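Let's take a walk through a protein model together. Keep the picture open beside you as you read.

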Amino acid sequence: MIHARTLQALEYNNITDYLASLCISGVGRERALALVPLAQAEDVNLAARVYEEAADWSSRPAAGGATFVLNAFPDVTGFLHAAQTSRAHAFQPDVDAFWALREVLRLARDAHAAIAVPEAPKQWPHLLALADGTPLPVQLTAALLRCLSDDGLLKDESSPELYRLRGELRRLHQSCMRKVKDYALQYNMLAYLQDEFMTLSSDRYVLPLKANFKGRMQGIIHDWSQTGETCYFEPMFLVEINNRLQELKREEREEERKVLLYLRSLLEAELPGAQAALELLAQLDLLQAKRRLAALLDGRCLPLTPVTEGIQLLDARHPLLLLNRVKNADGPAAGSGHAQKSAARATAAVKPLDIVLRPGERALIITGGNAGGKTVCLKTLGLIAAMTLSGLPVPVGAGSHLPWFSRMDAFIGDEQSLADNVSTFTAQIEHLAKAWKHLDASGMVLLDEFGAGTDPAQGAALAQAVLDELLDKHTFVLAATHFPALKSYALTREGARAASMLFDPQSKKPLFKLAYDQVGASQALDVAREHGLPESIVRRAEHYLLQDGQDATALLSRLNDLAAKREDELVVLRQEQDKTRSAARHEREKLEKERLRLHDEVRTKASELMRAWKEGRATHKQALKEMSRLRASLVPDDAAEKNGSVLPRSEHFVVGQQVLHTVFNKRGVVTDVDERRNRVRLDMNGVNLWAEMKALRLPGSQGTPQPVGKPSSILAAAHGSSSTNGGGARPAGAADGASLRLDMRGLRADVALAELEQFMDKALLAGFREVELVHGRGTGALRRQVHEFLRAFPAAESFSLAPEDRGGDGMTIVILR
């Protein structure tokens, strides 16, 4: 739990107010304003997962190709509450209330349909569970959509009787119009009328008659215009029609009441579903506001980690400082690109802090100059922790994490009260005394100048004692102080860590940076001089300070200068690291594009070559020659020289050394080295020859380097896919010694199986898809042995006898995995 006074000290309500301003509905704003830190760590992790899933869901297009958009919807909380608590006779809803409920249910239905897609259980299961918590009111939704129009009126189709009555009313109106027109023409009444059309007065059809002609015909005057020049006159021939009109109107109102009573009965039957629909929209509105807040803060939801991992907030910025920057620049128009740019500028303007307590450390004691940012550091951690426990995104960098805090207490600011007759020191002590029994290993305490409101010596001693007890409780503590005793305490106490707010060595102005494992000077005299205190007072203070012999400012200033220099160097190193990562990423993308381009080019050329071979436009020998030429064009002569990590340099060769000749795939012994011509003399089983160094490699090293995309494998695959028409041709670039056909005719079974095992290994290394095994017909004994071997060979996907035109049962075709 986080006490209300702690949330007030951290100004948490300003965050919820801003979050509420980002909601689009009244019910969403109520949820935002009521948001408080959650009671369980599981609830916090669930809120973070729902937020991430909602962000993923909202960015993905729906089945129709467009993303779901949550528009503004009316708040029907009062209407649903009245339906739940009022008695049946007292609950009399009107059309407007049902129209508002219709809009809510329609939007909730669309939202649920957009969430409950086939991939939802894998992509956003927690968001789906939120949407499926309570079934939506299907019958009520269908009835409202059928009975109410978009303009908020009951449709004629609401009931058969209403349809009949309104049809008769329309026919009566047309009949009345026709009779009025015929009567006016028959008795030449157009000159008496202010308007040639009839109108309604007291819900009866009347004629707008000029006042000076009111005695010319029999009828009833119902009303007069404001000027008195027009009277609304009902001629006698309209009396019967108007009487019928009133009867139909009364019947229409009664039928509309029946429709509303029917809708009311459906609402009472499916009230939980209607409430669930409103709750779903409210939660989606709140999640949408969280995403807008994250865009403004450039924030993310933090994961909760075990307390043993400590605290790590990287590039943490105070949320309210960021929001104030954005608000002052452009206002809270979240979601637009302009707002995101403003947020980026605000993020750059607010100085980031790294607040870190390593595993085993529980107290961080911050020292440094006045107005240097110590209190902001405390409030940054406290507010980020409160927002994290509320399931809100926070402005921190990647790699940040926080443990679960079951309780957090902040002693920040002036807590004195004249009404309660307590001073600042007394208020802090009373607050700490009440919270003390609740503090444990999952608690956190923020102490801002604790003990400063009394005698310095006693206040420092009391602060040390409090820190000792809190460390014994394993409670996390973040303390800001000017006490010299606490500075020494921070450097010597096990479990505590010292940190100092840095200031510029030349201007003496704060840098708002945190340097760890050192303490800082308070800089009180420099701050007083900076803020306009007379120089004579500052000089006298310096004189008294020297007299007391307690001035360690020079030493602390030297430490500050070294720390500030180190921070500048770290900033430069981080920038260089970012540049290097960006360049590496750009190079990888470039290589990937080149690989894909080369891959497509090689496949195209290989396919053209194989098609020419199949169509008879190129002979078997020409096809092999073209493939070899294609491979040679992909591996230029200087490729080996460019890659010194694979091919040995000339100084690697010595007389008597054993090397591998990659052209002949033979081993030889170096008998002479000609470094000037980059060649060596080899003895290969009695055969002596001069070989180029680029054609040699050391035994055990990798083979000749291939260009990006491994075109040799592509050519092998391209050829292998058409091997059924190619006999025993070996594709260019295949593994050394590999072939598409093995002839075992005339071999003993044991020798044939040994040859077969070596052949299959080489075919797999070459990347072949299909190979041919020639075993002959004979008695069929060798064929059976080969088939038994293939059944046990894991890389053989399938095998079958060849067609008659390719050897029949004398050859087996094997498909490799």
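This is a predicted model: local features need pLDDT of at least 70, side-chain atom pairs count only at pLDDT 80 or more; totals for chains, interfaces and linings use all residues.

The report below covers confidence, then helix packing, then the sheets.

Residues are numbered from 1 along each chain as its sequence is written, and side-chain values use heavy atoms, with hydrogens and water left out.

The predictor's confidence in each residue is called pLDDT and runs from 0 to 100. Its mean over the chain is 79, and 79% of the residues reach 70 or more. Helices (H or I, at least four residues) and strands (E, at least two) are DSSP runs, numbered from the N terminus. Among the elements of the chain, helix H2 (residues 12-21) has the highest mean pLDDT, 95, while helix H24 (residues 711-720) has the lowest, 39.

Over residues 332-336 the pLDDT stays under 50, and the model has eight contacts for them beyond four places in sequence; a contact means heavy atoms within 4.5 Å. Residues 416-421 are also below 50, with four contacts beyond near neighbours in sequence.

## Two helices that meet H12

Now find helix H12 (residues 271-297), which packs with helix H6 (residues 95-115) at an angle of about 65°, their axes 9 Å apart. Axes here are lines fitted to C-alpha atoms, for helices over the stretch in contact, and angles run from 0 to 180 degrees between N-to-C directions. H6 and H12 are therefore roughly perpendicular, since angles of 65 to 115 degrees count as such, under 35 as roughly parallel, over 145 as roughly antiparallel and the rest as oblique. H6 passes H12 in a left-handed crossing, meaning that the near helix is turned anticlockwise from the far one by less than a right angle; clockwise would be right-handed.

Which residues of H6 meet H12? They are Leu-101, Val-104, Leu-105, Leu-107, Ala-108, Ala-111 and Ile-115, and their partners in H12 include Ala-274, Ala-277 and Leu-284.

Helix H16 (residues 424-436) and helix H17 (residues 456-472) have axes that come within 14 Å and cross at roughly 15°. That makes H16 roughly parallel to H17. Phe-425, Ile-429, Leu-432 and Trp-436 of H16 make the contact with Leu-462, Val-466, Glu-469 and Leu-470 of H17. Seven of these residues are nonpolar, none is polar and one is charged.

## A sheet with hairpins

Five strands form an open sheet in the order S18-S17-S16-S15-S19, with antiparallel pairing. Strands S18 (687-692) and S19 (696-697) are at the edges, each pairing on one side only. Two strands count as paired if DSSP finds at least two bridges between them.

Strand S15 (residues 658-661) is joined to S16 by four bridges, and His-661 has Lys-666 as its bridge partner in S16. Their hairpin has four residues between the strands, and Asn-665 takes a positive phi near 55°. Strands S16 (residues 666-674) and S17 (residues 679-684) pair over five bridges. In the turn of the S16 and S17 hairpin, Asn-678 has a positive phi of about 55°.

## A sheet with helices packed on it

Another open sheet has four strands in the order S20-S21-S23-S22, with mixed pairing. Strands S20 (741-743) and S22 (796-801) stand at the edges with a single partner each, so one side of each has no neighbour in the sheet. The twist averages 20° from one strand to the next.

Helix H25 (residues 749-766) packs on this sheet, touching S20, S21 and S23. Helix H26 (residues 781-792) packs on the sheet as well, touching S21, S22 and S23.

Conventions. Ala, Val, Leu, Ile, Met, Phe, Trp, Tyr, Cys and Pro count as nonpolar, Asp, Glu, Lys and Arg as charged, and the others, Gly among them, as polar.
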